[in-house]
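I opened this structure to see how its chain is put together. These are my notes, in the order I looked things up.

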Amino acid sequence: MIHLTIDDHAIEVPEGRTLLEACREYNIEVPTLCYHPSLEPFGACRLCMVEYAQPPHPSKLVAACVYPCEEGAVVSTHSESVRNSRRITVELLLSSAPNDPYLLQLAQEYGVTDVRFRMPEENLCVVCGLCVRACNEIVGVRAISMINRGISKEVSPPFKVISPTCIGCGACVLICPTGSIKLKDVIGYRSIHFAESDIERVYCQICSDIDLQPTLVKDIETLMQNRTGHSINKKEL
Ligand code: SF4
Ligand code: FES
């Protein structure tokens with residue numbers, strides 16, 4: 001077992017836990033955006049930064065979702081440096097998704113009153129990578145990926161044309177925390193906004209209704225419920 005201190009609480013966790021997992025286990029609040037318990041941690045959004053020290057060495061800021069718990073560490077989840085870091089991160093995220101309710105709630109909590117940055121084209125994507133990882137790790141088809149770099153980075157199927165491996169499950173749409181990916185759901189076909197062509201819908205041969213994988217839907221519903229406080233109904237899509 002690993003012993004460390006988080007916000008003055010003595011914590012004991014099995015080896016291999018990340019700081020975020022330890023915080024969640026002990027009900028210590030750390031905001032996240034690109035983290036999902038069913039996916040490999042990615043460390044993209046930087047909302048989960050915490051102050052980490054291994055005395056007598058000086059402290060540093062680390063992303064809790066990817067940083068491992070280490071024996072004797074002293075962690076602060078709400079120090080002044082952490083709050084400063086989150087303030088600028090929330091401001092940067094709001095430049096892409098200015099009306100996202102979760103980010104607006106964090107802006108209020110961290111005192112962000114003005115957003116000094118604006119993306120050239122508003123598309124709501126905060127480049128968290130959840131959609132790409134869900135497509136790869138949960139659905140297993142790798143139909144989308146990140147393309148370009150810097151402020152031009154975006155999610156796309158290859159050559160911006162629907163990938164032949166896409167099954168139109170809508171996992172990317174459901175898991176997207178900002179509503180950036182839109183799905184047109186019409187009887188007989190589906191269209192996902194970043195792709196050019198429509199995908200034929202595949203219905204369950206038993207009930208003719210549910211066309212999303214049930215375990216996937218459960219995972220994503222739990223995520224949305226945790227983030228928004230209410231459950232979603234896939235028929236609302
Ligand atoms: S489209 Fe949504 S889920 Fe995908 S990277 Fe952008 S914000 Fe994240
Ligand atoms: S939740 Fe840790 S970097 Fe996004």
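The entries below go from the whole chain to single residues.

**Overview.** I noted at the start that this is a predicted model. I counted secondary structure in the protein chain and got six helices and 10 strands. I then checked burial: 32% of the 237 residues are buried. I also looked at contacts with a separation of 6 or more. Residues 24 or more positions apart account for 54% of them.

**The core.** I looked for the largest nonpolar core and found 56 residues in it. Leu19, Cys48, Val50, Ala64, Cys131 and Cys172 have the most contacts inside this core. In soluble globular proteins, nonpolar side chains tend to be buried together.

**Ligand 1.** I looked up what surrounds ligand 1 and found 14 residues. Cys125, Cys128, Cys131, Cys176 and Ser180 are the closest. I sorted the shell by type: 11 nonpolar, three polar and no charged residues.

Cys131 turned up both in the core and around the ligand, which made me look at its contacts. Leaving aside neighbours within four places in sequence, Cys131 touches Ile144, Val155, Cys172, Ile175, Cys176 and Ile181. I then went along H4. Its buried residues are Leu130, Cys131, Val132, Arg133, Ala134 and Cys135. They pack against strand E6 (145–147), strand E7 (154–156) and H5. After H4 I found Gly140, with a positive phi near 80°.

**H3.** Which residues of H3 are buried? I found Leu103, Leu106 and Ala107. They lie on the same side of H3, because they cover an arc of only 105° around the axis. H2 is part of what covers them. On the face turned away from the buried side I found the exposed residues Pro101, Gln105 and Gln108. Just after H3, Gly111 has a positive phi of about 75°.

Most residues other than glycine have a negative phi, and most peptide bonds are trans. I looked for exceptions.

- Asp8 has a positive phi near 70° and is not a glycine. I placed Asp8 in the loop between E1 and E2. Asp8 is exposed, because 8 other C-beta atoms lie within 10 Å, and a residue with 12 or fewer counts as exposed.
- Val127 also has a positive phi, about 55°, without being a glycine. I placed Val127 in the loop between H3 and H4. Val127 has 17 C-beta neighbours inside 10 Å, so it counts as partly exposed.
- The peptide bond from Pro55 to Pro56 is cis, with omega near 10°. Pro56 sits in the loop between E3 and strand E4 (60–63).

**Pro164.** Is Pro164 buried or exposed? I counted 9 other C-beta atoms within 10 Å, so Pro164 is exposed. Pro164 is in the loop between E7 and H5. I also checked Pro164 against Val141, 23 residues apart along the chain. Their C-alpha atoms are separated by 9.6 Å.

How values were computed
Residues numbered from 1 in each chain as written. Chains lettered and ligands numbered in written order. Near = placed C-beta within 6 Å. Nonpolar A, V, L, I, M, F, W, Y, C, P; charged D, E, K, R; others polar. Core = buried A, V, L, I, M, F, W, Y, C linked by C-beta atoms within 7 Å. Buried ≥ 20, exposed ≤ 12 C-beta atoms within 10 Å, placed from the backbone. Contact = placed C-beta atoms within 7 Å. Helix = DSSP H or I, 4+ residues; strand = E, 2+ residues; numbered from the N terminus. Arc of directions from axis to C-beta.
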